[in-house]
Amino acid sequence: MMKFIHPILVSMAIMLSLSACESNETTLTISNVGDASVENLRVILSRAEVGFAESEYFKLLQVDQEIPVQFDDLDGDGQWDEVVFEVDLVPNADTKLIVKPVESEPGYEPKTQVYLGVSPERNEQFAEQDEAVRPKDHEPQSLPYLYQYEGPGWESDLVAFRSYFDSRNGKDIFGKTRPQLYVNNIGLSDSYHELDESWGMDVLKVGNSLGSGALAMLKNDTIYRLGETGTASYKVVTEGPVRSVFDLKYTGWEVAGTNYDLTERISIWAGKRSFQSEISLAPNNGDTLLTGIVNLKKVGKQETSSGAYQILYTHGEQSENHDVLGMGLLVPNDNFLSFDNADSMNSIDVTDTYTALLQPNPSGKYVFHFVAGWELENAGFKNSEIFESALKAEAEELSTTVTVSIQ
């Protein structure tokens, strides 16, 4: 028996046992050692952990229902490195899945997407690019747009986000009125600042805040936005029915006399209202990275915790549609310093933001999750208690402890 601690999911390992069945099928057993049920548990297994030699690819069945699986080539060498899926678990019990070898990678309905539309001629004709380097002379909000809705967008079937691919480096939210993928169509016709009942709208006013989880640094008691950099690039890592992942890389971020290089790897999963940000910073010299939630509408902040996460959230009539929007930050305990308010701190160019101060975990990474819940996507989010419960449920899911073994 071999045990693995999963390299991606914080505080998570997975009990996996492979045993031979008839017709080349295999039984995959996931053991939940906790006393709570878990919905849509994010499962990431490396190629080495799977060790499944009968076929390059496989399908997963739970009872008679097929579970979408995604095989991700993260290093571009032509072979998948991780297989990912989501599964419901019951407390203190084993969940058995049937593994069926197949000759080619199975296909499923897309439930996540990453998109960057670029118009090199600035003629409102945008073409998708999986890799892009931001021009050094690119100015924020310069017209006609170089980038469709000003930068890359990423989405699950329930919510979408975008990043301003310019010196603001802000993050914004596209709320959805129904489950679908839509970021490739936003900004091509009608204004996304007004409600389109067929898909939704831009629900957030960002201003000079950090919006929905943008980055800054606290150095010498002053906040500095991730702003002008020597270079900035975008690259899709993977996208598919279960998750999408992309990188934003910056070099030459000058903060009070020190130059930093920063890579932000953003991932989003099917059926989730959140994205994960995993950050690598060099040099790591003890300065404090931070993120935050916009507070232009002056909605009070709430703090709580669940599982292995500290939670900061706001809830109230703060959407651009003048209805209820909830926003939350989930910070792992080993990345958490404190929650604060940018308006009570010295700042060069960050205002109207509730902040989460981060410290690197033992691996040298910073990780947080940003969650958005809009009442037109789910009427339950009118209620602050329901939104808080959703935040805690996500934190519990991310904190689920299991063990990985292969027999």
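Me: Is Leu-281 buried or exposed?

Reply: Go by relative accessible area: under 20% is buried, over 50% exposed, and anything in between partly exposed, using a 1.4 Å probe and protein chains only. Leu-281 comes out at 10%, so Leu-281 is buried. Keep in mind that this is a predicted model, where local features need pLDDT of at least 70, side-chain atom pairs count only at pLDDT 80 or more, and totals for chains, interfaces and linings use all residues. Residues are numbered from 1 along each chain as its sequence is written, and side-chain values use heavy atoms, with hydrogens and water left out.

Me: Where is Leu-281, and which residues is Leu-281 in contact with?

Reply: Strands here are DSSP runs of E, at least two residues long, and helices are runs of H or I, at least four, numbered from the N terminus. Leu-281 sits in strand 23, residues 274–282. Contact means heavy atoms within 4.5 Å. Leaving aside neighbours within four places in sequence, Leu-281 is in contact with Met-217, Tyr-260, Asp-261, Leu-262 and Tyr-366. Pro-360 is 79 residues from Leu-281 in sequence, yet their C-alpha atoms are 9.1 Å apart.

Me: What joins Ala-282 and Pro-283?

Reply: Check omega: that bond is a cis peptide bond, with omega about -5°. Pro-283 is in the loop between strand 23 and strand 24 (288–294). Another cis peptide bond joins Leu-143 and Pro-144, with omega about -10°.

Me: How do I read a charged residue such as Glu-86, and what is its nearest side chain of opposite charge?

Reply: Lys and Arg count as positive, Asp and Glu as negative, while His and the chain ends are not counted. A salt bridge needs a side-chain nitrogen of Lys or Arg within 4 Å of a carboxyl oxygen of Asp or Glu. Glu-86 is buried and has no salt bridge; Lys-272, the nearest side chain of opposite charge, is 4.3 Å away. Glu-86 belongs to strand 8 (residues 82–89), and among the residues Glu-86 touches are Arg-42, Trp-269 and Lys-272.

Me: Which value does phi of His-322 take, and is His-322 buried or exposed?

Reply: Phi is near 60°, positive in a residue other than glycine. His-322 has 64% relative accessibility, so His-322 counts as exposed. Asn-220 also has a positive phi, near 55°, and is exposed at 60% relative accessible area.

Me: How many helices and strands does the protein chain have?

Reply: Two helices and 32 strands. Buried residues make up 55% of its 407 residues.
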